[in-house]
Each structure stands twice: as C-alpha cells, then as structure tokens.
Amino acid sequence: MNPALSELGRIYPPERLLVQPGQLVPYESDALTAFRARPLAVVLPETTDEVVQTVAWCARHQVPFVARGSGTSLSGGSLPIEGGLVIGLNRMNRLLRLEPKERLAVVQPGFINLDVSRAAEPYGLYYAPDPSSQPVSTIGGNLAFNSGGAHCLKYGMTSNHVLAAKVVLPDAEVVELGGESLESVGPDWLGLFVGSEGLLGIAVEITLRLLPKPEKYHTVLAAYDSLERAGNAVAAVVASGLLPGAMEIMDHLAIEAAEAAVRAGYPMDARALLIVELEGEAPQVEAEAKHLEAVIAASGAYEVRVARDADERAKIWKGRKAAFSAVGRLSPDYLVQDGVVPRSKLGEALGAIEGLSERYGLRVANVFHAGDGNLHPLILYDGKVEGQLERAEALAGEILRLCVGLGGSITGEHGVGMEKRAYMPTMFSQDDLECMRRIRLSVDPHELANRGKMFPGDEAPAPRHSGPHPLERAGVISRE
Ligand SMILES: Cc1cc2nc3c(=O)[nH]c(=O)nc-3n(C[C@H](O)[C@H](O)[C@H](O)COP(=O)(O)OP(=O)(O)OC[C@H]3O[C@@H](n4cnc5c(N)ncnc54)[C@H](O)[C@@H]3O)c2cc1C
C-alpha cells in the first residue's frame with residue numbers, strides 16, 4: 001500500500017477501506033453504466049469526523065474525491081474520478097432526530113428517501129419529494145441533485161424541503177448552512193449548495209421539512225387522440241387555477257409497453273394519457289374535482305375515468321410507474337433524456353419531438369412529469385444496427401437544444417453530471433459558466449470535489465444509457 005493510503009488505514013479498518021480491484025468494481029460507475037473509471041480506493045465512513053479526516057487527507061495529498069450515496073445517478077454524477085477517492089456514505093444512514101411538533105427530521109446523508117416517510121408515518125407526516133428511486137436513493141444524493149418526482153409539481157423539489165445542512169467543505173472545514181427556522185437572514189448559502197452536484201463539499205447532516213399526509217386523493221385518467229392535445233391540457237389545468245398533486249403523461253408507445261407489462265387497463269387506442277391527481281383535505285378535493293372535470297372535458301379528452309377507490313388509484317399508478325422500464329420490452333436499447341420546457345410549451349415541444357422522431361427514423365416514447373414540464377423522451381434504437389446509436393445520440397442532442405430554445409433546461413432532475421456537461425454552453429454564456437466556476441474555486445481552488453463534472457470539458461462524451469438499472473430489472477425501483 002502506498003504511504004498516503006496507509007495514512008487512510010489509520011482512519012479506517014480494512015473492511016471500510018476498499019483497495020482491491022474486485023472491491024472497487026461496484027463503484028466504478030453509477031446508473032449511467034456506459035462510463036466507468038477506476039478509483040484509487042473507496043472509503044466507507046460512519047461518522048462526520050471520519051469524513052472530515054478523509055477530506056483533510058484528500059486536501060493534503062491533492063487527491064480528488066467524489067461523494068457517493070446509492071450511485072443511482074443517471075448522469076454520471078457519482079462516477080469516480082480516475083485515480084481519485086470514492087467517499088461512500090451509505091453507512092451514515094441514521095435518523096438523528098424526528099420532531100413531529102416542529103415537523104422536521106434530521107438525518108445522516110446515507111438515509112434512504114422513502115425511510116423518511118416511513119419514520120414520519122406514525123405522526124401523520126411524510127417527506128414530499130418522491131423520486132422514483134426513492135426506495136434506494138439517499139437524501140445526500142437527492143440534495144446534491146435537487147431531485148424531484150411526480151409530486152414535486154405541488155410541493156416543489158428537494159430544495160423546498162431542506163431546511164439546513166452540515167457540510168464538510170473541500171478544505172475539511174465544517175460549516176452549517178440554513179437553520180431549523182423557516183425564515184432566514186442573509187444570502188441563501190444552503191440554496192447554493194442544493195443542486196451543486198457534489199462540487200462544493202459533502203453534506204453530513206441534513207434537516208428536512210415534513211408535511212401532513214393528504215387526507216384524500218382524486219385520481220383522473222384522461223385519454224387523448226394526440227400527444228400535443230394532452231400537453232396543452234396540462235397548461236389548461238394549471239391556467240384554471242388548480243394545483244394538482246401530480247400530472248403525468250404517457251404517449252402511445254409507453255401505454256403499449258405498460259399494458260404489456262402490468263395490464264393497468266389503459267385505453268389502448270389513446271395516442272396519449274394524462275393522469276391528474278388532486279390531493280388534500282376532503283372538502284377541498286371534492287370542490288376541486290368538479291372544477292377539474294370541466295377543464296378536462298373542455299381540453300378535448302375523448303375518454304375520462306375517475307378512480308373510485310384505492311385499488312383503482314393504485315392500478316392507474318401501477319401502469320405509470322411501470323411504463324419507463326417496460327419500454328425496454330419494445331427495443332433492445334434506448335437512450336433516456338431529461339429536459340424541461342415551460343408548461344405552456346409542452347404541446348409544441350411534444351409535437352416537435354414527434355417530428356424529430358420521424359425525421360431520424362427512430363421511435364421515441366414519452367413518459368413524464370408533465371406538470372413540471374419535465375420531459376423524459378426515451379429514444380429507442382438497436383445498437384447492433386450500424387449507425388443507429390449515433391443517430392439516437394444526435395436526436396437526443398436535438399431534443400435538449402429544442403428544450404433550451406423553448407425557454408427550458410437541459411436537465412430536470414437527473415443532474416448535469418458527466419453526461420450533459422457538453423450541453424452547458426447551450427444554456428449558459430461563457431460569462432455565466434465563468435461565474436459558476438469562480439464560486440466553485442472560492443471553496444475548492446484545486447477542484448478536488450467531484451472534479452470533471454458539470455463544467456464542460458474537452459472530452460465530454462455523448463449521452464448514452466443502455467438498458468435498465470439492475471435495481472429496475474429486479475423490480476425494486478422504477479424510472480421517471
Ligand atoms: C430507476 C431510476 C429512477 C430514477 N428516478 C428519478 C426521479 O424520479 N427523480 C429524480 O430526481 N431522479 C431520479 N433518478 C436519479 C437518481 O436516483 C437521483 O438523482 C438520486 O437523487 C441520486 O441519489 P443517490 O443516493 O443514488 O446519489 P448518487 O448517485 O450516489 O450521487 C448523486 C450525486 O450526488 C452527489 N452526492 C451524493 N451524496 C452526497 C452528499 N452527502 N453530499 C454532497 N454530494 C453528494 C454525488 O457526488 C453525485 O454527484 C432515478 C434513477 C434511477 C436509476
């Protein structure tokens with residue numbers, strides 16, 4: 001073992017300092033499995049003090065590091081830095097405090113998203129941000145990517161639910177950002193840290209806001225004869241003053257795949273399905289349901305179904321949740337994209353994606369968080385057919401440029417990571433990027449924390465993702 005590594009051996013017992021090639025393999029990539037890099041070592045801290053000592057070691061020896069939660073990043077965010085250190089935070093997974101009266105929970109970074117709601121349930125509370133990876137992804141990873149999910153339309157992304165974080169900066173200084181109060185004074189340093197993709201340091205304690213569980217749900221499934229019309233219906237629902245808990249769209253390819261996978265009973269002739277879910281206190285939901293009915297009727301839906309009980313609601317969501325991975329049944333390979341457009345431009349964006357799909361001769365399935373304008377086009381291709389992968393990548397790039405052109409963004413919830421850094425200049429000017437870089441350099445002059453991510457580099461690779469995540473294949477999580 002080299003002398004620097006043996007110093008780490010004084011912090012960690014051998015079972016928490018991984019250096020053997022066989023031990024490193026599981027950490028060589030994240031859910032964007034097309035990219036792999038071999039780290040120097042992986043450490044598995046159990047305390048804040050161990051993280052501090054490790055980061056100090058990195059600063060002393062100028063070793064770049066990446067913080068890693070469960071490695072479900074779809075953008076290469078937790079891909080190791082070649083020859084750098086992976087700081088795996090899964091063992092820092094304790095609930096430190098839960099205060100029902102204050103409606104808050106304090107957790108370590110490796111605490112699993114869904115476990116926050118499980119812990120809060122006895123008090124009638126829950127944690128709102130619900131990425132589809134919530135049974136496995138960690139609060140630390142959610143915070144670094146400002147993750148979202150189906151219910152973020154009404155409640156906002158992770159950033160709206162994090163009150164405070166204790167952070168180890170890249171020089172090993174420990175700082176407290178935010179506070180338990182809902183109001184604060186001065187610049188929003190916590191806001192700067194959330195979504196910074198592991199480039200500004202490592203969160204070691206996170207204070208989360210809890211919400212009361214909704215009393216009642218009202219779930220509607222509306223069928224349309226065009227994708228564009230379904231997209232416009234989303235804008236109409238929001239323009240009507242309603243704020244549903246979730247609004248999701250599936251196109252005909254996604255419907256076909258979901259039906260084949262789980263038989264949700266969806267109308268098979270629909271070109272697009274819209275799922276709208278109202279939630280809240282019973283009298284309010286009942287009043288809003290009438291209003292929603294009128295808006296949907298005027299939006300051109302040719303069939304509308306309302307879930308009469310919890311089973312019917314579960315069936316509607318089952319198809320939606322299964323749709324993404326089920327698309328894998330329609331094609332040997334697919335690329336997944338994550339772009340955003342303003343809600344009012346959804347119809348136009350979906351129409352344009354259909355046009356691009358025809359022009360490129362590649363099928364595109366759409367399953368997405370329509371209420372947020374967050375698109376997830378899945379570009380189907382066959383990697384064995386020469387040139388198809390390249391065409392699929394070119395089409396993916398056109399979709400991202402389309403999103404930016406319509407006033408949207410190159411990523412909704414999957415982060416920039418390594419996958420999309422080449423597209424940052426599509427969205428930001430050189431001055432913008434320089435400004436972001438200076439902020440980063442002010443806390444990390446040697447760019448040790450997650451080096452090579454987010455900022456465009458020379459050799460930024462094209463986005464690609466082949467096949468489902470192993471946990472999707474095992475049916476543990478689904479993708480949105
Ligand atoms: C099947 C599937 C479905 C998904 N669905 C969704 C979805 O609906 N919505 C969504 O938003 N995302 C989704 N994702 C993407 C992913 O699950 C989220 O981005 C999640 O937040 C990543 O959490 P993680 O613990 O796996 O983090 P990792 O992948 O380990 O890390 C992600 C990023 O966070 C950084 N990081 C991790 N921990 C810390 C820390 N403590 N401090 C600072 N930085 C840290 C890493 O360096 C990296 O840049 C999905 C992924 C898969 C595979």
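This is a predicted model: local features need pLDDT of at least 70, side-chain atom pairs count only at pLDDT 80 or more; totals for chains, interfaces and linings use all residues.
Residues are numbered from 1 along each chain as its sequence is written, and side-chain values use heavy atoms, with hydrogens and water left out.

The ligand is surrounded by 40 residues, the closest being Ala67, Gly69, Thr72, Ser133 and Thr138, where a residue is near if one of its heavy atoms lies within 4 Å. The shell divides into 12 nonpolar, 22 polar (Gly is counted here) and 6 charged residues.

| Residue | Polar atom of the residue | Distance to a ligand oxygen atom |
|---|---|---|
| Gly69 | backbone | 2.7 Å |
| Thr138 | side chain | 2.7 Å |
| Asn450 | side chain | 3.3 Å |

Taken alone, the ligand exposes 980 Å², of which the protein buries 100% (Shrake-Rupley method, 1.4 Å probe). Two or more residues of the shell come from each of β3 (65-68), α5 (139-145) and β10 (202-209), and α5 gives the most, with 5 residues; helices (H or I, at least four residues) and strands (E, at least two) are DSSP runs numbered from the N terminus.

Leu346 lies in helix α12 (residues 346-360) and counts as buried because its relative accessibility is 0%, the limit for buried being under 20%. Beyond its neighbours within four places in sequence, Leu346 is in contact (heavy atoms within 4.5 Å) with Gly231, Val234, Val341, Phe368, Ala370, Gly373 and Leu375. Ala233 stands 113 residues from Leu346 in sequence, with 9.4 Å between their C-alpha atoms.

Note on methods. A polar contact is a pair of N or O atoms within 3.5 Å; within protein, one must be able to donate a hydrogen and the other to accept it, and residues adjacent in sequence count only if both atoms are side-chain atoms. Buried means under 20% relative accessible area, exposed over 50%, partly exposed in between (1.4 Å probe, protein chains only).
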